[in-house]
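Biologist: Please take one part of this model and go through it closely. Tie it to the rest of the chain as you go, and spell out your cut-offs.

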Amino acid sequence: MRAVLQRVTQASCKVDGQITGEIENGFLVLLGVEDADTREDLEWLAQKIANMRVFGDENDLMNKSLADINGNILLISQFTLFAATKKGNRPGFTRAARPDKAIPMYEQMIKQLSTLLNKEIQCGIFGADMKISLLNDGPVTILMDTKDKDNH
């Protein structure tokens with residue numbers, strides 16, 4: 001499972017001109033699921049996202065988490081995070097999970113983050129043509145991959 005966390009002061013998702021999710025201070029999270037991902041990967045990543053300390057404290061140091069700032073999440077499914085770009089100029093997406101696996105994992109991530117943060121998670125629509133707007137704060141952008149969880 002891969003995630004791109006972008007610290008934002010605002011972010012929104014539109015599908016067919018309608019807003020499906022919108023937040024102010026928090027994370028825009030792009031989430032990619034692959035076939036090899038497990039429930040353990042999902043729980044590890046959700047904990048990391050919920051507890052990531054990249055928000056400014058009173059000394060403007062990155063010491064605060066989403067909970068500390070009462071921040072929000074806009075979660076967007078993003079299979080292109082598993083693009084294979086080694087050969088040619090057209091990326092391949094064979095590592096990305098098919099919808100029958102990816103949709104339940106995406107929905108479980110919504111539930112897990114909601115439980116951890118005790119608030120509603122804003123979302124896009126899985127598989128839709130989404131238009132994402134954001135104001136990246138910093139900019140702070142963090143790449144996470146559950147394959148890294150055993151190494152550190």
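Modeller: Start at Asn70, in the loop between helix 2 (66–69) and strand 6. Helices here are DSSP runs of H or I with at least four residues, strands are runs of E with at least two, and both are numbered from the N terminus. The model is predicted, so local features need pLDDT of at least 70 and side-chain atom pairs pLDDT 80 or more, while totals for chains, interfaces and linings use all residues. Residues are numbered from 1 along each chain as its sequence is written, and side-chain values use heavy atoms, without hydrogens or water.

Asn70 has a phi near 55°, a positive value in a residue other than glycine. Asn70 is exposed, at 56% relative accessible area. The cut-offs are under 20% for buried, over 50% for exposed and partly exposed in between, with a 1.4 Å probe and protein chains only.

Move along the chain. Strand 6 covers 72–77, and Lys87 sits in the loop between that strand and helix 3. Lys87 is exposed too, at 71%.

Next comes helix 3. Its axis runs 10 Å from that of helix 1 (residues 39–51), at an angle of about 40°. Axes are lines fitted to C-alpha atoms, for helices over the stretch in contact, and angles run from 0 to 180 degrees between N-to-C directions. The two helices are therefore oblique: under 35 degrees would be roughly parallel, over 145 roughly antiparallel, 65 to 115 roughly perpendicular, and the rest is oblique. The crossing is right-handed, with the near helix turned clockwise from the far one by less than a right angle.

Contact means heavy atoms within 4.5 Å. Helix 1 brings residues including Leu42, Leu45, Ala46 and Ile49, and helix 3 answers with residues including Met105, Met109, Leu113 and Leu116. The contact divides into 10 nonpolar, 3 polar and 2 charged residues. Nonpolar covers Ala, Val, Leu, Ile, Met, Phe, Trp, Tyr, Cys and Pro; charged covers Asp, Glu, Lys and Arg; the others, Gly among them, are polar.

Asn118 lies in the loop between helix 3 and strand 7, with phi near 55°. Asn118 is exposed at 71%.

Now the rings. Rings of Phe, Tyr and Trp (its six-membered ring) pair with centres within 6.5 Å; planes under 30 degrees apart are stacked, over 60 edge-to-face, and the rest tilted. There are 3 aromatic pairs by this rule. In one, Phe27 and Phe55 have centres 5.0 Å apart and planes at 45°, so the pair is tilted. Phe27 belongs to strand 3 (residues 26–32) and Phe55 to strand 4 (residues 55–56), so parts 28 residues apart in sequence are tied together. Phe27 is buried at 0%, and Phe55 is buried at 5%.

Another pair brings us back to helix 3. Tyr106 and Phe126 have ring centres 6.0 Å apart and planes at 55°, so this pair is tilted. Tyr106 is in helix 3 (residues 99–117), Phe126 is in the loop between strand 7 (122–123) and strand 8 (130–145), and they are 20 residues apart. Tyr106 is buried at 5%, whereas Phe126 is partly exposed at 29%.

End in strand 8, which holds Pro139. A cis peptide bond joins Gly138 to Pro139, with omega about -5°.
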